[in-house]
Amino acid sequence: MIVTVEWMERWFETFNISYFDAQLPLPVMALSRARTRLGQMAFKRVSRWGKVRLYDFKISMTTYYDMTDRQAKSVLLHEMIHYAIAYTGLRDTSSHGVVFRGLMDNLNRKYGWDIRVMTSTKGWKVSEQVKAKKTLRGPQTYLMLAIEMHDGKYYLSRVNPSFAMGIERKVRALREVRHHQWYTTQESYFEDYPQVRSLRGRRISKADYSKLLHVLQETEIDV
């Protein structure tokens, strides 16, 4: 199924009554086309006389995937937990801290949901609309950064080209980096890599590092 705003609103009201004592006002519901972010809860913040007030709450879900009913509902519940914590003014230890995990574990244990802090989309079905756009656009070229550290660790990143120059300057300044190289590729394997805007990457083994470099073409980033 491809989620819609109507679907989100209907199930929000159902879950609000069933699990949140009907305390949560209906926020703005929106759709995104994000590949790596399945859902998001956002709000605005204002501070007056030393007190912080949160307002304009919004929950978004992606239409990138053709999700199962259970997958979509678990994503919505994940964002509703964030909303409940923010709206009621609860303080958590982090974004997915003690309070979040307690609420998540309670829903999973009592009602059999599969809400997770991090959800792998490996094997998830991409929506037909996204597939059609990819076919029309043709193969995508990815900008990759491979890094070998002095401590023997290896990292690989898919970089947003607009941020490549800034990342290149940061890499050059790091003494911990033994070697780095930029590459381009059209291999669909790298579609699952999140496109980063800062210096971070996926740690991989030396064997995988060497293997992957064979399907990449070297390029340079001028600064």
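Biologist: In which loop is the place of Asp21?

Modeller: This is a predicted model, in which local features need pLDDT of at least 70, side-chain atom pairs count only at pLDDT 80 or more, and totals for chains, interfaces and linings use all residues. Residues are numbered from 1 along each chain as its sequence is written, and side-chain values use heavy atoms, with hydrogens and water left out. Helices (DSSP runs of H or I, at least four residues) and strands (runs of E, at least two) are numbered from the N terminus. In these terms, Asp21 belongs to the loop between helix 1 and strand 1 (28–32).

Biologist: Is Asp21 buried or exposed?

Modeller: A residue is buried under 20% relative accessible area, exposed over 50% and partly exposed in between (1.4 Å probe, protein chains only). Because its relative accessibility is 64%, Asp21 counts as exposed.

Biologist: What is the phi of Asp21?

Modeller: Most residues other than glycine have a negative phi. Asp21 is not a glycine, yet its phi is positive, near 55°.

Biologist: Which element holds Asp56, whose phi is also positive?

Modeller: Asp56 has a phi of about 55° although it is not a glycine. Its relative accessible area is 46%, so Asp56 is partly exposed. The element in which Asp56 lies is strand 3.

Biologist: How many helices and strands does the protein have, and what share of its residues is buried?

Modeller: The C-alpha atoms fill a box of roughly 55 × 45 × 30 Å along the principal axes. The protein has six helices and nine strands. Of its 223 residues, the share that counts as buried is 38%.

Biologist: Which residues are in contact with Ile81, leaving aside neighbours within four places in sequence?

Modeller: Contact means heavy atoms within 4.5 Å. Apart from those sequence neighbours, Ile81 meets Phe20, Phe100, Leu103, Met104, Leu107 and Ile115.

Biologist: At what angle do the axes of helix 1 and helix 2 cross?

Modeller: Axes are lines fitted to C-alpha atoms, for helices over the stretch in contact, and angles run from 0 to 180 degrees between N-to-C directions. The two axes come within 10 Å of each other. They cross at roughly 65°.

Biologist: What is the make-up, by class, of the contact of helix 1 with helix 2?

Modeller: The crossing is right-handed, which means that the near helix is turned clockwise from the far one by less than a right angle. Helix 1 uses Trp7, Met8, Trp11, Phe12, Phe15, Asn16 and Tyr19, while helix 2 uses Asp69, Ala72, Lys73, Leu76, Leu77, Met80 and Tyr83. Ala, Val, Leu, Ile, Met, Phe, Trp, Tyr, Cys and Pro count as nonpolar, Asp, Glu, Lys and Arg as charged, and the others, Gly among them, as polar. The make-up is eleven nonpolar, one polar and two charged residues.

Biologist: Which side chain does that of Asp69 join in a polar contact?

Modeller: Asp69 lies in helix 2 and, at 36% relative accessible area, is partly exposed. Beyond four places in sequence, Asp69 touches Met1 and Trp7. A polar contact is a pair of N or O atoms within 3.5 Å; within protein, one must be able to donate a hydrogen and the other to accept it, and residues adjacent in sequence count only if both atoms are side-chain atoms. At 2.7 Å, the partner of the Asp69 side chain is Lys73.

Biologist: Which residue has its backbone oxygen 2.5 Å from a polar atom of the Thr62 side chain?

Modeller: Thr62 is in strand 3 and counts as buried, because its relative accessibility is 0%. Its contacts beyond four places in sequence include Ser32, Arg33 and Met67. The backbone oxygen at 2.5 Å belongs to Ala34.

Biologist: Which residue has its backbone oxygen 2.8 Å from a polar atom of the Arg35 side chain?

Modeller: Arg35 sits in the loop between strand 1 and strand 2 (39–48). At 15% relative accessibility, Arg35 counts as buried. Among its contacts beyond four places in sequence are Tyr64, Arg158 and Glu191. The backbone oxygen at 2.8 Å is that of Tyr193.
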